[in-house]
Amino acid sequence: MKKLIYPTILASILFVVTGCEENKMNVYKNDPAIYFEKTTYGQRDSINHTFYFYDESITDDTVKVIVCTMGEPADYDRPIKLIQTNTGQPQAAIAGTHYVPFDDPSLKNKICIPAGQVRAEIPIVFLRDNSLKLVESRLELTVGSNEFFRPGIDTQRNFLVTTNDLISKPTNWDTSWKYTFGSTWGPVKMKLIIDSTGLTDFSQRPSDSSYSNWLSATARQALLEYNAAHPNEPLCEADGTPVTFE
Amino acid sequence: MKTITRYIASVFFLLLAYSCVDDKGNYSYLDPSEIMPIQIEGIEEEMTVQIYNKLQITPELKNMDNPEKYTYEWYVMEYVVAGKAPERRDISNEQNLNYEVNLDPGLWRLIYKVTDKQNNVYTRAEVKLNVIASPVDTQGWYILKDDGNETDFDFINAEGTYYKDVLREQGLQLPGTAVSMEFQDQRYYHNIIDEHGNVVTLVNQSAFHILSSQETYTINSKTIQLFKDFEEQFYQTPETCKPQSMKHNGSGFRFFVNDGRVYKVNGMSANVGKVSPVAGLYNLYGNIITCGYKECLVFDLVSHSFKLADAYVDELLPLPELEQNDAVYSFENMHYSLVCMDGGPYGTQGYAVMKDNESEGGILLRTNNRTLGFTSLSPIDGNSKLLTTDLLAMPNVADFLYFKHGNNKVYSYENAKDIAPADKEKEILTYPEGELITSMKYVFRKATDEKPGINQLAVLTTSAGNWKLYLYDLLGESTPEINSEPAKVYEGEGNGRFLLYRNN
């Protein structure tokens, strides 16, 4: 028994002695990083832009891409580095033709995290080039390193922005608008929706359920009336698929 | 050391052994009536009071030994709140309440609490308090009327007090002649702009929907102030303003028929009280019957078909077929014309009278309102006067109805199979020539300890620019027979067109 008691007492004394030692905490070391915001109901990993709904006199339009920082805020503006990663590839957006270059004097001061902020909306200014009436233009972006930031969260370093002058499928169609207009989508159906309801902003589905129902019923009514006026020639997409709201 | 160890072990063993002894406890249970003998009685479960009027309640405190021994609290809390917890507002610390009501119109919980000062034990009673800004926001009869140019309504409360030209008092008469009126007791939504310029949605409001030949007003029932006019009912105003009927189900699912088109509101989702259309190539009969949970039954005059309008769906739906006596009946492309259809309040029943286009006779379709579609189909004899009516009234449950024949006669019609066709219908009321029957309603309320029951047929007539309301007692709940001597008769000025009874 004695053999057990003495080691126990010794161990207890040791614990007491070490317990008095000051605990040294790890100190945070600022290492600013930058990444693209990604949320469930806000910005995802891409933005689809179209000039289709705008008057012909509109020659440029701005899309805002949200970036976030890691690390402490600073009391001065911190420029960020955006790099196009698909240059030279098919459908790649061309700086100066499809979008205003990031180093353009009009933008240079806006591609930054403002003083005191940890999040910013970075303007991407698209130019309405005639080629957009034929084919979509893609701007694949990544965040690069500079003296202020390193690239942040691995999975949120890349972002896609597209533009065109065609009817395009809204980014949130499959997560949002399908509950109003059905899951099927096509340019002819989209044009019917736009022409019958006048709706051109598809960035967010309305929170007023009755207004959402109005949009749905109005578009459905337009389809019913078209098909009734064109017996045996129902409204179809270019590939012959009949337009439905299913 | 061995001795110390043995002592410690012995103590542990003793504790262990003692812990197994059954604990008898040292509680002494008392009868609740010994701790709090007071019982609160003499307070009604529901009360209606007009704002700024005195609310006086003298509760009966049974077993009161010494009033000084207790504290008394009267306080109110909102009955329904959205996005926050109800707030308590103390209104009195007296044993009896004598309070000038200074609360927003709406439903409140009025709580009375009696607490023993010594032991802090209390007993409480609760009242559902309906605070109204207008005396017409309560139980009673609403008589929708017009003078040929403008629509208004009169009101007779449960005590028989008559309020004339309620809308005129507020400058809210509708242009055109009176069509119909609906009371929605809850789940009406409306947007207002507050003093800071923010859009605020008023939730769970109660409202009157009033239809005239040229306008539709939705009016706050608490204040008799306008929520929406015809244009504001829609996201896109229809080209033609021809309001025909407005009805709602229990949970705020509302249907509005204008110019043969049906519009709806899903009261269970966020909305602002505006209606959205139901798509389809149809032209509806003006009246509808609410059924199911969120549906209404409509008749399309184009396809001669009954359809369902569903508050969740943006197109009309086909009506389920009826299986009856080994036969299956479809309600699509029927070889019948609709003579008349109407239903009671949500949760009761409705009927459709149809005339055969190919032969004499017709059919009577019945729905019990909780079922999607019709629950029975019965033949109507070719000689039946029911086939020429334009006005029905039906009880909540029993299978019979009342109908108008000509301008001034009321008939009953029993729908039981074992009654010979000639015996099914009976003339039960005849009014003087020139007195036109314009509306009929059946009203039922079960008797409670506090309120007597009601089992009446109400008939509204109009002649020479004046209306008369006759209330007849029925002789039973499952028979159409009535005491033809009216229990009450009210009369007023204006062409009475539509009758609404409000039971809450």
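Modeller: What follows is a set of questions on a predicted model, with each value set against its cut-off.

Biologist: Why is the pair of Tyr76(A) and Phe148(A) called tilted?

Modeller: Rings pair if their centres lie within 6.5 Å, and planes under 30 degrees apart are stacked while those over 60 are edge-to-face. The centres of Tyr76(A) and Phe148(A) are 6.3 Å apart and the planes are at 55°, so the pair is tilted.

Biologist: What makes this pair a tie between separate parts of chain A?

Modeller: Tyr76(A) is in the loop between strand 3 (60–70) and strand 4 (78–79), and Phe148(A) is in the loop between strand 8 (137–144) and strand 9 (150–151), so the pair ties together parts that are 72 residues apart in sequence. Over all chains, the count of aromatic pairs comes to 37. Ring pairs also link a cluster that includes Tyr52(A), Trp173(A) and Phe245(A).

Biologist: Why is Tyr76(A) called partly exposed?

Modeller: Buried means under 20% and exposed means over 50%. Tyr76(A) has 44% relative accessibility, so Tyr76(A) counts as partly exposed. Phe148(A) has 21%, so Phe148(A) counts as partly exposed too.

Biologist: How do you know that the charged end of Arg109(B) sits over the ring of Tyr79(B)?

Modeller: The distance has to be within 6 Å of the ring centre, and there is an angle limit of 35 degrees from the ring normal. For Arg109(B) the distance to the centre of the Tyr79(B) ring is 4.2 Å, and the pair is listed as sitting over the ring. Lys113(B) sits over the ring of Tyr122(B), also at 4.2 Å from the centre.

Biologist: Why is the pair of Glu56(A) and Arg128(A) called a salt bridge?

Modeller: Side chains of opposite charge can pair when their charged atoms come close. The cut-off from nitrogen to oxygen is 4 Å. Glu56(A) and Arg128(A) are at 3.9 Å, which meets the rule. Glu56(A) lies in the loop between strand 2 (46–50) and strand 3, and Arg128(A) in the loop between strand 7 (119–127) and strand 8, so the pair ties together parts 72 residues apart in sequence.

Biologist: Which of these two residues is buried and which is exposed?

Modeller: Glu56(A), at 54% relative accessibility, counts as exposed. Arg128(A) has a relative accessible area of 15%, so Arg128(A) is buried. Arg128(A) also meets Asp165(A) in a salt bridge at 3.0 Å, and both Asp165(A) and Arg128(A) are buried.

Biologist: What makes Glu493(B) and Lys164(B) a link between distant parts of the chain?

Modeller: Their closest N and O atoms are 3.3 Å apart in a salt bridge. Glu493(B) is in strand 39 (residues 488–493) and Lys164(B) is in the loop between strand 12 (162–163) and helix 3 (166–170), 329 residues apart.

Biologist: How do you know that chain A and chain B are in contact?

Modeller: Contact needs heavy atoms within 4.5 Å. On that rule, 17 residues of chain A are in contact with 22 residues of chain B. The area buried between the two chains is about 1,500 Å². The rule finds 1 salt bridge across this interface, and Glu315(B) and Arg220(A) meet in a salt bridge at 3.2 Å. Helix 5 (residues 209–229) of chain A gives the largest share of the side that touches chain B, 13 residues.

How values were computed
Residues numbered from 1 in each chain as written. Chains lettered and ligands numbered in written order. Predicted model: local features only at pLDDT ≥ 70, side-chain atom pairs only at ≥ 80, totals over all residues. Heavy atoms only, no water. Phe/Tyr/Trp six-rings, centres within 6.5 Å; stacked < 30°, edge-to-face > 60°. Helix = DSSP H or I, 4+ residues; strand = E, 2+ residues; numbered from the N terminus. Buried < 20%, exposed > 50% of the residue type's maximum accessible area, 1.4 Å probe, protein only. Buried area = accessible area lost by both parts, 1.4 Å probe. Salt bridge = Lys/Arg side-chain N within 4 Å of Asp/Glu carboxyl O.
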